[in-house]
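Trainee: Could we go through this one together, starting with the charged side chains?
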Amino acid sequence: MILPVGSNLNQKTNFSADETDEKKLKYNHDTLLRNNFSTRFRIGMDKFTNAITLYPAKGLKGNRNANFYEFLTMGQVPYLIGSGMLMAVFNYANKYFAPFARQKAGPLGKKMALGVIFYGLAKEYSKNLVTTPVHWLTGVDTNLPYAKVNYELPDDIYDTDITSIEYHKVFESVEFPRWDLLYKDSASGKPRNAYYDKVAKKLGLGTNLKDSDQEVKPRIKEIVVKTNLAQNISSYLWAATGVALAFQKPWEEFFNVATLKFWQKDKFKQTVSAFFKSLLNSMESFYYGEGSKHSKYMGRGLLFAALGSSFLGVINVMSSSQKPSKLDSADIIEKERKYVVN
């Protein structure tokens, strides 16, 4: 049930990440989460299972608690279905071709399927080439997640489970970040501005600042905007690189022995071994080119463009347009003049 406002005033609200029990999926208040593999995996699985079960059911029934977050989360379902259809459409029809045409179309269709996989992996994980260095250099993790607790309207008078959990990022909104989640409370044993003190030190703004949070917030916003731009640009270049890598000729050797029947241990081990061998050979073929000499320059050009976009993106993040003023009171106040305070 929803308690009236004021009936729970004595209960302490804790926004500290240090006391977060990340093994639980239920929270009683908005909770900062650690940005590690286990948390990202759990969030991804939770969002995916809800996207194929709970959220579509709520939408089809016209549930009044369905919201825009659920709509956006369901967007991954048609993306995955479309990827699967794109992989299948180039391979399913091969059996209807003549033997010679089937021989030519088979490797191309499999490369198309591999390209779809490499596109998604490269686009998603290449973002870490920007966000991770930015985190190391500035102390600002632009992908820092938190669990948001929503109190929904009951569907009937006997409905007591009316909370839903949404997973967001602290800096999801540049204009309205969840600054409140970054402050420490007294129970943590750390200064209230411990997070902002750490960021201020990494950014070279100084230590023991009186109001470190006010000093670094404009700089954090700038970092978030520049990081988002850099990762968006570089991720598509890396995705294109992944597709180009999938179309290299050495993959045909892998397709000849590949199997997904993991219960056939010998054949599956051969598949894994052939995959890494073909991957290395394809990387070499992509870099040095095969056939015409132009392919060599095209492959290297695409690779260096992707690397350069990530590197220059990080450099751009570190160049701040909001540098702290180096003036002090002695440079502003003229001691020989008289000042009146009204």
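Trainee: Is Lys 226 buried or exposed here?
Mentor: Lys 226 is buried, with a relative accessible area of 17%, where buried means under 20% relative accessible area, exposed over 50% and partly exposed in between, with a 1.4 Å probe and protein chains only. This is a predicted model, in which local features need pLDDT of at least 70 and side-chain atom pairs count only at pLDDT 80 or more, while totals for chains, interfaces and linings use all residues. Residues are numbered from 1 along each chain as its sequence is written, and side-chain values use heavy atoms, with hydrogens and water left out.

Trainee: Which residue forms a salt bridge with Lys 226?
Mentor: Glu 222 does, with the closest N and O atoms 3.0 Å apart; a salt bridge here is a side-chain nitrogen of Lys or Arg within 4 Å of a carboxyl oxygen of Asp or Glu. Glu 222 is buried as well, at a relative accessible area of 9%.

Trainee: How accessible are Glu 70, Lys 58 and Glu 152?
Mentor: Glu 70 counts as buried at 4% relative accessibility, Lys 58 is buried at 8%, and Glu 152 counts as buried at 16%.

Trainee: Switching to pockets, what volume does the largest pocket have?
Mentor: Its volume is about 2400 Å³. On a 1 Å grid over the protein atoms alone, a pocket is an open set of points where a 1.4 Å probe fits, with protein on both sides within 12 Å along at least five of seven lines, and lining residues have an atom within 4 Å of a point. Of the 47 residues that line the largest pocket, Gly 44, Lys 47, Glu 124, Lys 127 and Lys 169 are the closest to its centre. By class, the lining has 21 nonpolar, 18 polar and 8 charged residues.

Trainee: Where is Phe 268?
Mentor: Phe 268 is in helix H10 (residues 265-288), and is partly exposed at a relative accessible area of 30%.

Trainee: Last one: what about the backbone at Asn 208?
Mentor: Asn 208 has a positive phi of about 55 degrees although it is not a glycine. Asn 208 is in the loop between helix H7 (194-202) and helix H8 (212-246), and counts as exposed at 78% relative accessibility.

Methods
Helix = DSSP H or I, 4+ residues; strand = E, 2+ residues; numbered from the N terminus. Points joined across faces, edges and corners; volume = space filled by probe spheres on them. Nonpolar A, V, L, I, M, F, W, Y, C, P; charged D, E, K, R; others polar.
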